[in-house]
Amino acid sequence: MSANKHFNVKWGMAIDLDKCTGCGACMVACQAENNLAPLADASNKQRVPNWLVVYELSNKKSFPDHEIAYLPRPCQQCAEQPCATVCPVVATERNEEGGIVSQIYPRCIGCRYCMAACPYHARCFNWFDPVWPKGMEKALTPDVSTRPRGVVEKCTFCHHRFMQAKDKVRAGGGEVYVRGTDNKLHCAVPEDGYVTSCAEVCPNGAIVFGDLNNPEHRVHRLVTGNANAFRLLERLGTDTAVYYISRREWVRRLGDNYLPDEDTQKPKQILPKRH
Amino acid sequence: MAPNYIPPADAALIPQDCERGPLSCFALWLGALSVILLIGVYAAYLVLSRGLGMTALDDYFGFGLWITFDLGVIALGAGAFFTGLLRYILNIDPLKNVINLAVIIGFICYTGAMIVLVLDIGQPLRAWFGYWHANVHSMLTEVIFCITCYCIVLIIEYIPLILEQKQINRVPLFHAIAHNLHVVMPLFAGMGAFLSTFHQGSLGGMYGVLFGRPYAFRDGFFIWPWTFFLFILSAVASGPALTMLIAALMEKMTGRKLVSQDVKMLMGKIAGTMLLVYTVFKILDTGAWICGLAPSAGLTFDQFFYGWIYGKWLLFAEIALCGVLPCFMLCSASMRANPRLLYAAAVLDCTGVVINRYVLTVQTLAMPSMPFDQWATYVPNWVEWAPCFLVLAYGGILLSLSYRYLPVFPQEVELNGGQRPGSKPNTWGL
């Protein structure tokens, strides 16, 4: 639904673009973890289902000033979602503590309006039924449902891992949500108890995952007051949960659309309030 | 009746005092349309059995030809509700001569759009979720509600015409139903106008609320973006024009006069007046978009266009060539009096609306939303084209059957009463 709901826990990421080498391990880990079927013909990249895509950024200068950066783009888990507001059947919503935008496959009618709405291209469609090469079906993640053709899917911040982590806390006799040192409710799942597959696998530690609202979490410290931290398309007012960090100005400038003479340091004007 | 007129084999089914061509010619015509229809059925089978991967759509272009086609026919089918509103609610009496045709065209357009939508959604068996799990914040939910309800209204409006068929009307019950439905028709015309206004608007609203897509996003009034109102205006500006054009096309194909020229000119005048209102607001909206919204999104005017395929010529064609020009032509009484200019203006009018629906659907998605993203291009394949032609063939069949067997045109007998003996009564043998 549409309301920008506040949650005590806000799962999020800080991705250090200066550490990312573009190796693509995060993409592969995501595919394996979330049961994304390989395609026999993957030549059309706009048809390949990927919940996380690594983009190559360039400063468009010639040698020796040429520089590139790589930007992994999972679902940005917007607090003000362009997608969930438009879904006609409430098949996607941000309605659970933690602020992860869900995708309910058995409810999705496959109209693809959410894909049209998402400016981050974070959503992909199942154009055909998934086909698993012989034997590969044995390696599927049991806690992640496979999707039939005709529905939209997207990154869930490995939500099944969150469920497992909560179960572990409950099994140990603890409460999932406890009051922290700042007198606010926090998730009792330890910082390393719930990590997405992309963050877990990144060889350079470029992706840090945790609770953005929890001062004890590394992700909170990385983004709070960091002048090098930015989010994608901030002027849209989507209030995303994925932060990027770069010490290079040209990389930060590619985080949003700017007029040629516009100063990136100035506070951005948020687009007019939505309808 | 022309003296050399030979009644066809199905003369008993044909409206009183109306000439029709031989049944064999008519069957041939229907056969040709059926071939097109069957190709579309095969494409539909491919999509439903194997998946939407059979189309040229992809993750960038979740919307493509089918949505453009749907929006186009729904806008052009607006002649039904708007003519109904003017005829039954505002009592513009001459429109009674074209209201039946407008209803049939509306019925074809809306049911045709439904056929294509069934193919376009990935899980057609879940289409009813739109009612069951309705998201009241989504413009598409409103579209689902209003389009399905309006389709029912169109069926109710079409039924009395079918019941007035010569043989069916002999049954007292059917005669009574047809008569009584005619009596309460203003009620359905009002319902149709209400439902249609809102779903035409919501179709526009669907794009205007996409705040992540600067090509489509618009500011607005209360919960409605400006595209909401622009879609309503453009639909009522083009719907009557298409109705008038189809009447003229049917006259060409059948060789008979079906609607008097003054009624066609009246339809042109209505379309022109609404087009004037639409064009003024469209120009204002475009100005606000270029000078206000675009810079606030950090974008320059040039960034909204790309190469030839998504070039500025589309904007020029939509607003100037297919907006201002036909508006001027349709608002001029002397130009309306010239049938060629009248039809040319109507064609431009309809084309402009289709361009509008196309750019808002495809160019919106083609444009890079993130600065490091690239423009994407989309060319539909035959699996997408075939169902569109299926709908056109289906429309042709339904119109042909209606023309041949139903009293669609009240003026037909009167207009053809003075036919010269020996004149060629029927150019296409229909």
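1. In chain A, strand β1 (residues 11-16) pairs with β8(A) in the antiparallel sense over five bridges; strands are DSSP runs of E of at least two residues, helices are runs of H or I of at least four, and both are numbered from the N terminus. Two strands count as paired if DSSP finds at least two bridges between them. Within this pairing, Ala14(A) stands opposite Val208(A) in β8(A).

2. The model is predicted: local features need pLDDT of at least 70 and side-chain atom pairs count only at pLDDT 80 or more, whereas totals for chains, interfaces and linings use all residues. Residues are numbered from 1 along each chain as its sequence is written, while chains are lettered from A and ligands numbered from 1 in the order in which they are written.

3. β1(A) is also joined by four bridges to strand β10 (residues 242-245) of chain A, and these two run parallel. Here Ala14(A) stands opposite Tyr243(A) in β10(A). The open sheet has four strands in the order β8-β1-β10-β9 (chain A), with mixed pairing. Because β8 and β9 (229-230) of chain A stand at the edges with a single partner strand each, one side of each has no neighbour in the sheet.

4. Strand β8 (residues 207-211) of chain A has five of its five residues buried, so it is largely enclosed by the rest of the structure. A residue is buried if 20 or more other C-beta atoms lie within 10 Å of its own, exposed if 12 or fewer, and partly exposed in between, with C-beta atoms placed from the backbone.

5. The largest nonpolar core has 196 residues, and those with the most contacts inside it are Met13(A), Ile15(A) and Ile207(A). Such a core is a set of buried Ala, Val, Leu, Ile, Met, Phe, Trp, Tyr and Cys residues joined through C-beta atoms within 7 Å. Among the residues that Met13(A) touches, not counting those up to four places away in sequence, are Ile207(A), Val208(A) and Tyr243(A); a contact requires C-beta atoms, placed from the backbone, within 7 Å.

6. Chain B has 15 helices and two strands. Buried residues make up 50% of its 430 residues. The C-alpha atoms of chain B fill a box of roughly 75 × 55 × 40 Å along the principal axes.

7. The contact between the chains takes 45 residues from chain B and 51 residues from chain A. The largest share of the side of chain B that touches chain A, three residues, comes from α6(B).

Technical notes:
Contact = placed C-beta atoms within 7 Å.
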